[in-house]
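Hi,

Here's the structure I promised to pass along. Have a look at it first, then read my notes below.

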Amino acid sequence: MKKIIIFCLLTLAIAGCKKETTSSIISGPTTNVDKQAAGSAAAGLLAANTYTSLRIELQYAPGMQPQSQTLTNLANFLTERLNKPGGISVFSKQVASFGKTTITVADITAFTDQYRTVYTDGNQITLYILFADADFSTNGVVGVAYRNTAICLFEKTIQANSGGINQASRVKVETGVLLHEIGHLLGLTNNGTSMATPHEDTANKAHCNNSNCLMYYSIETTGLMNMFNNAVPTLDANCLADLKGNGGK
């Protein structure tokens with residue numbers, strides 16, 4: 001069964017994440033290497049023994065282009081955590097609108113199969129990042145890791161809930177959601193990358209039990225103000241140890 005992990009934004013605050021499962025079969029015109037469960041490509045992303053380089057295909061709907069600082073933050077995060085001696089490259093492109101107010105995982109996977117052009121091949125692994133111009137069908141969700149090398153951010157929802165009075169900046173919210181979803185692709189927490197020390201939140205699987213960690217399932221309003229208004233949350237020592245144990249830095 002394919003696992004899908006989502007990051008939620010409730011009202012004006014990041015309220016948490018949850019994991020959904022679906023029995024739908026992933027299909028498309030290309031190889032199935034990039035069409036597995038989120039977290040299953042963690043070792044390939046982290047280590048250099050199979051894939052020595054990473055290429056990121058970033059696509060955004062009209063008006064949904066992420067902030068340049070958000071992409072800098074992404075590049076810095078990946079450079080710090082991944083062993084990719086062949087380098088990490090990113091190319092971005094505007095694509096079509098979803099043409100819907102709300103979208104489902106089925107809509108996202110169909111869109112991906114239509115517009116994604118780069119897939120893992122040879123010694124290069126790839127990631128696909130999509131910034132959508134629609135809200136998710138589950139109210140309040142701002143990001144989803146729906147395949148082992150693919151995530152979607154609901155940029156329309158992010159823009160509506162950031163950058164205003166008493167709201168965190170768009171860069172900080174974009175970065176926090178983006179890195180959280182990347183964390184799930186890297187197998188956090190206990191979802192493709194084994195734990196060096198037990199720290200999974202047993203009530204909220206695939207998330208860290210440290211409320212100050214980037215991979216914590218839920219950040220309440222006070223936590224939002226403390227973390228996003230001052231700095232984007234970071235991975236705690238346990239999550240970092242997990243990544244290192246699975247071939248990361």
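**What I found**

Asn190 sits in the loop between H5 and H6. Keep in mind that this is a predicted model. Asn190 has a positive phi of about 60°, though it isn't a glycine, and with a relative accessible area of 36% it is partly exposed. Thr189 belongs to the loop between H5 and H6.

Ala206 is also placed in the loop between H5 and H6. Its phi is positive too, about 70°, and again this is not a glycine. Ala206 is buried, at 1% relative accessibility.

On to the packing. The largest nonpolar core contains 40 residues, and Ile129, Ile182 and Leu235 have the most contacts inside it. Elements giving two or more residues to this core include helix H1 (42-46), strand S6 (124-131) and helix H7 (237-245). H5 gives the most, six residues. Beyond its sequence neighbours within four places, Ile129 is in contact with several residues, among them Ile56, Leu74, Leu178 and Ile182. There's also a second, separate core of 18 residues, including Ile103 and Tyr146.

Last, the cysteines. There are zero disulfides in the structure. The sulfur nearest to that of Cys213 belongs to Cys239, 3.7 Å away; a disulfide needs the two sulfurs within 2.5 Å, so Cys213 is in none. Cys213 is buried at 0% relative accessibility, and Cys152 is buried with a relative accessible area of 0%.

Cheers

Conventions. Residues are numbered from 1 along each chain as its sequence is written. This is a predicted model: local features need pLDDT of at least 70, side-chain atom pairs count only at pLDDT 80 or more; totals for chains, interfaces and linings use all residues. Side-chain values use heavy atoms; hydrogens and water are left out. A nonpolar core is a set of buried Ala, Val, Leu, Ile, Met, Phe, Trp, Tyr and Cys residues joined through side-chain atoms within 4.5 Å. Buried means under 20% relative accessible area, exposed over 50%, partly exposed in between (1.4 Å probe, protein chains only). Helices (H or I, at least four residues) and strands (E, at least two) are DSSP runs, numbered from the N terminus. Contact means heavy atoms within 4.5 Å.
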